[in-house]
Amino acid sequence: MSTNLEDLEKETATNARNRPPLTKTGKVLLGITGASFFAVTAVATPFLLPALRKVCLPYVPATTQQVENVMKLLSGKSGRLADLGSGDGRIVIEAARMGFKADGIELNPWLVWYSRLRSLFQGTAYSTRFYTRNLWKFDLSGYDHIVVFGVDTMMEQLRGKLAKEIGADCRVIACRFPFPSCEPQTERGSGLDTVWLYTKPCLSRCKDVKD
């Protein structure tokens, strides 16, 4: 057995000595491959980390019809607006075009920077702000309108937070998933593009808010 191991070690050493050295092109390609791996990891990590949380907000861009439905419910209104899970910033930017002071709350820093650049290029940077924040720790008390792109597993918990923090006249627009056991004031659209409008009384009349 020891003889076999010695032979294997000698063969390995011989192969290593006989292996031709990397060419300059080979070194460049190796460097590019390594850099690409780390770049992809750096970009993908902020997208994947939310999936490891108990309640996450996956990035699914709003459809054109969803945006239109939200804007219809905001028509004729004004004030400060917050978009929870703002993604690429399209709701915030459209709201700014309608005259709102609009903020986007997003956990993914890459999407926040993208939204800032997009808002700048579209001429709405003066009316928009984008924050890299955890929505559960973000104070919502100063807003007149709140748009939510959530997932079904978080809606009841979020309802409790909103019912505690928002002002008496604040209006909440839920997209994709309504608040369970709550009767909306009105709704627009159909299917996945449906959006629901709630007021504080609507949210407070549901199940008791848990402390």
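**Entry 1: the chain as a whole**

I began with the secondary structure and counted 7 helices and 7 strands in the protein chain, keeping in mind that this is a predicted model. Reading along the sequence, I wrote down the order of these elements as α-α-α-β-α-β-α-β-β-α-β-β-β-α. I then looked up burial, and found that 38% of the 211 residues of the protein chain count as buried. For the contacts between residues at least 6 apart in sequence, I noted that 65% join residues at least 24 apart.

**Entry 2: helices H3 and H4**

Next I turned to a pair of packed helices, for which the description consists of the angle between the axes and the distance between the axes. Helix H3 covers residues 64-74 and helix H4 covers residues 90-97, and I recorded an angle of about 40° for their packing, with the axes 10 Å apart.

Which residues meet where H3 packs against H4? On the H3 side I listed Val67, Val70 and Met71, and on the H4 side Arg90, Ile91, Glu94 and Ala95.

**Entry 3: Gln66**

I stayed with helix H3 for one more residue, Gln66, which is found in that helix. Is Gln66 buried or exposed? Its relative accessible area is 1%, and because buried means under 20%, Gln66 counts as buried. The side chain of Gln66 is joined to the side chain of Arg176 by a polar contact of 3.5 Å. Setting aside the neighbours within four places in sequence, I noted that Gln66 is in contact with Pro61, Phe149, Leu192, Asp193 and Val195, as well as with Arg176.

**Entry 4: Leu120**

My last stop was Leu120, which lies in helix H5, a helix made up of residues 109-121. Here the relative accessible area is 51%, and since exposed means over 50%, Leu120 is classed as exposed. I also looked up the separation between Leu120 and Ile93, which are 27 residues apart along the chain, and found 9.7 Å between their C-alpha atoms.

Key:
Residues numbered from 1 in each chain as written. Predicted model: local features only at pLDDT ≥ 70, side-chain atom pairs only at ≥ 80, totals over all residues. Heavy atoms only, no water. Axes fitted to C-alpha atoms, helices over the stretch in contact; angles between N-to-C directions. Helix = DSSP H or I, 4+ residues; strand = E, 2+ residues; numbered from the N terminus. Contact = heavy atoms within 4.5 Å. Buried < 20%, exposed > 50% of the residue type's maximum accessible area, 1.4 Å probe, protein only. Polar contact = N/O pair within 3.5 Å; in protein donor to acceptor, adjacent residues only side chain to side chain.
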